[in-house]
Amino acid sequence: MFETLTLTICKKCGKQIQVLPEWKDQTETCIACQKEKQNPNEIIIKHAELNIDNKDLIVKNTPKLLTLNEFVGQEENKKSILTTIKIIQQIKPINLFIHGYPGCGKSTLAEIIAHELKAKFIYTIPEQLKNMDKIEEILNNIQSHENLTVWMIDEAHNMDKKLINILLPILQDNRLGDITIRSFTMILATTDFNKLYKKSEALISRFQTKIYLEKYTLDNIVTILKQYKQKLSINIDIPEEDYILLAKNSKGIPREAINLLLKRLVLFNIPEILKESKIVLNGLNQKDIQILQCLNAETKPMGANFLSQKVGLIDADYQLVYEPFLVECGMIDRTPKGRIISLKGKHFLQELTNMKGVSNVNICQ
């Protein structure tokens, strides 16, 4: 005589399963789900028609800047982005690659693009994607969302080969193994194009729109500061000359300018703000001065790695954060043999020695 089976629900896939009555409280998943993932490096993707609940996935909120028109500066890049948005809306999802120095607005732009597309926005960095379960979670979230998803990977130069190899077939054919991945838009952002290019030229080629964010003008930074303060809705008057001083000491970087603005809203005194921020003159901070002094003390060109060690920086920070501005403002020159201080850089150091209280910056370690 056969025993009567009772119905229960698989806690993983939600399907009804039949079990013996005495096993009902002990059986949480069906046989298919139990066998589903024997290999911890295997990614199991659900078909797009399944409605999968991913409550734990962090999805960033839409930005305070609601339209592309509100984004200050980058006029030519904004035209290119607007064309990309039209292609996505009218034809099919395509991908964007954004390259720019730290603090120039890469993630803000990505959020604006997602908002313009009325898409779900998922923000990640490579360190979060070393776990296969996280990648699986994101892909299943894309599968379960009928509307468009914009997935951003920031600091993309830190991606490992494993992640790149997973993404390549998805970006090329919308497939991972036997599963078709629902179309989505990926945005890769990096401060180190060369590092990512060396890892995978093929990955970069999968991105139809490539954006290089340029430096912001002084007027751009002043406008960004006024716009940011207006959105804070704080009733504190800031004179025009203070906005200009903050902008001049930001190195043309929106993030740095906003950090100075926040201090101005509570400290009020510009010299005190610059001192607390370790800014010596015209945006150059104590570490910038230390770099110039170190080069000035040498008679031969210095390699980037050796120079960064001398001033107590890791090579990546020196090359991505400090050197670009010093080269751009003409303080140092790159030569085939290494870095040298320019004539302008020497004059700048002399100017500092003539100014009371700013000449005692520590030289090379």
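Predicted model: local features only at pLDDT ≥ 70, side-chain atom pairs only at ≥ 80, totals over all residues.
**Y101 and its lysine.** K215 sits over the face of the Y101 ring, 4.2 Å from the ring centre.

**Aromatic pairs.** Next I ran through the whole structure for ring pairs and got 4 aromatic pairs. I picked out W151 and F184: their ring centres are 6.1 Å apart and the planes meet at 40 degrees, so I noted the pair as tilted. That angle falls between the 30 and 60 degree cut-offs, which is why neither stacked nor edge-to-face applies. I then checked where the two residues sit. W151 belongs to strand β5 (residues 149–153), while F184 is in the loop between β7 (179–180) and β8 (185–190), so the pair ties together parts 33 residues apart in sequence.

Are W151 and F184 buried or exposed? W151 comes out at 0% relative accessibility, so I put it down as buried. F184 has a relative accessible area of 6% and is buried too, because the cut-off is under 20%.

I also wrote down an aromatic cluster, made up of F97, F193, Y197 and F207.

**From W151 to T124.** Which side chain does W151 join through a polar contact of 2.9 Å? I found that of T124 at the other end. T124 is in strand β4 (residues 120–124). With a relative accessible area of 2%, T124 is buried. I listed its contacts, leaving aside neighbours within four places in sequence: L129, I138, W151, M152, I153 and D154. Strand β5, residues 149–153, takes in W151, a residue on that contact list.

**Cavities.** The largest cavity has a volume of about 40 Å³. What lines the largest cavity? I have P126, L129, K130, N158, M159, D160 and L163 in my notes. L129 had already turned up among the contacts of T124.

**Helix α12.** Last stop was α12, residues 286–296. The helix is mostly covered, with 9 of its 11 residues buried. I wrote the buried ones out: K287, D288, I289, Q290, I291, L292, Q293, C294 and L295.

Which residue caps the N-terminal end of α12? I traced the cap to N285, where a side-chain oxygen lies 3.0 Å from the backbone nitrogen of K287.

Methods:
Residues numbered from 1 in each chain as written. Heavy atoms only, no water. Helix = DSSP H or I, 4+ residues; strand = E, 2+ residues; numbered from the N terminus. Buried < 20%, exposed > 50% of the residue type's maximum accessible area, 1.4 Å probe, protein only. Polar contact = N/O pair within 3.5 Å; in protein donor to acceptor, adjacent residues only side chain to side chain. Contact = heavy atoms within 4.5 Å. Phe/Tyr/Trp six-rings, centres within 6.5 Å; stacked < 30°, edge-to-face > 60°. Lys NZ or Arg CZ within 6 Å of the ring centre and 35° of its normal. 1 Å grid on protein atoms, 1.4 Å probe; cavity = no way out; pocket = protein on both sides within 12 Å on 5 of 7 lines; lining within 4 Å. Points joined across faces, edges and corners; volume = space filled by probe spheres on them.
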